[in-house]
Amino acid sequence: MKVLLLKEPKDKDSGPDPYIEELGSYSLEATLIPILSFEFTSLDSLFDKLSHPESYGGLVFTSPRALEAVKICLKEKSKNEAWSKSLKQMWNIKPTYVVGKATASLVEEIGLIPQGEEAGNAEKLAEYICSREKPNSSALLFPCGALKREVLPTALRKKGIALESLTVYQTTQHPDLQESLSSYFSQQGIPASVAFFSPSGVRFCLQHIQKLSGDLINQVKFAAIGPSTAEALQGAGIAVSCTAESPTAQGLAAALHRALQPHNCPVPH
C-alpha cells in the first residue's frame, strides 16, 4: 500500500529516513514530498540574546527549524568559539525545554541537554514547564517561527511564567510543491493514505491533493502527526483517520498500520 508523507526527507548524510524505514516494516511504501521552505531571519538578534544567558531563565525550542537558526549562527568562527568556550556551559546550568525527539537530538548537537522531549506537543510541554518553573522568574527565551501557535505562550502567561519569543524563520510553500505532487499522482496513482506534518502543510497542500484525487478523495485515509495538525485538517472539513500517539516515525507508522486495516472506521480524536 502506498503512503504519501508531506515532509522533507531526513538529511541524506545521516542514513535512511526513519519514516520510510518504519513504514516499510509494515509493508507500506512511503514517498516523501517536501512541502515547506524556510527563510531564516533576525539571526544577529538571536545570537545577541544567546550571548546573554544571565538575562534568561532557560531556552524553549518547539521545532527543529529554530535549532537550524542557532546552527547557522554558530557557523561563524568567532560565534562558535564564544559558544564552545563559555556560552554553552552557562546555558547548560539552565533548562532547555523541547517538544519531540527530532528537536531534542538537534539540541544535543549544539551541546545542550534537552528536557521534556517526551512532551509530544505544545500543550504537554506547557504543563511540563509550569510544573518546573516558578512564576515571575527570568523569562525563557523562545526562538520560533512566524506561524507559531499561541498555545505555549498563553499557557505560560496564565501561570505568570515569562516567555520572550523571537521569530527566527518564516515558513513558505516549497517552490516545487505543485510539480512534485502532480508527478507523484500521475506516476503512483492515488495513495491509500496521506500524512500531514504541520498545520502549514495543510494550508499549502490540501487543495492540491483534493484536486488531484478528484472523486476518489473519499478512499484516501488522512493521517496527522499530532493534535494541532489533526485540528487543521478537521477545520478544513477533512475526516482524520488517525493521529500519531507520539510525533515520531514509530508513532505514525503504528497509527497508519491500524487505520489501513480493512474495515477500519475513522477514529474520533
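Entry one, a residue in a strand. I looked up Thr96 and found its place in strand β5, residues 96–98. Helices (H or I, at least four residues) and strands (E, at least two) are DSSP runs, numbered from the N terminus. Before going on, I noted that this is a predicted model, where local features need pLDDT of at least 70, side-chain atom pairs count only at pLDDT 80 or more, and totals for chains, interfaces and linings use all residues. Residues are numbered from 1 along each chain as its sequence is written, and side-chain values use heavy atoms, with hydrogens and water left out.

Is Thr96 buried or exposed? I have Thr96 down as buried, with a relative accessible area of 0% (buried is under 20%, exposed over 50%, partly exposed in between, with a 1.4 Å probe and protein chains only). Leaving aside neighbours within four places in sequence, I listed the contacts of Thr96 (heavy atoms within 4.5 Å) as Leu59, Phe61, Val107, Leu112, Ile113, Pro114 and Gln115.

Asp44 sits in helix α2, residues 43–50, and I noted Asp44 as exposed, at 61% relative accessible area. I also checked Asp44 against Gly235: they are 191 residues apart along the chain, and their C-alpha atoms are separated by 37 Å.

I traced an open sheet of five strands with parallel pairing, in the order β2-β1-β9-β10-β11; two strands pair if DSSP finds at least two bridges between them. The twist averages 25° from one strand to the next. I then followed β1 (residues 2–6) and β9 (residues 193–196), which pair in the parallel sense over four bridges; Leu6 has Phe196 of β9 as its bridge partner.

Entry four, helices on the sheet. I saw α8 lying across β1 and β2, at about 175° to β1. For such angles, axes are lines fitted to C-alpha atoms, for helices over the stretch in contact, and angles run from 0 to 180 degrees between N-to-C directions. α9 lies across β1, β9 and β10 (221–224), at about 160° to β9.

α8 (residues 177–188) and α9 (residues 199–213) pack at about 30°, their axes 11 Å apart. I noted the contact residues as Leu177, Gln178, Leu181, Ser182 and Phe185 of α8, with Phe204, Cys205, His208, Ile209, Leu212 and Ser213 of α9.
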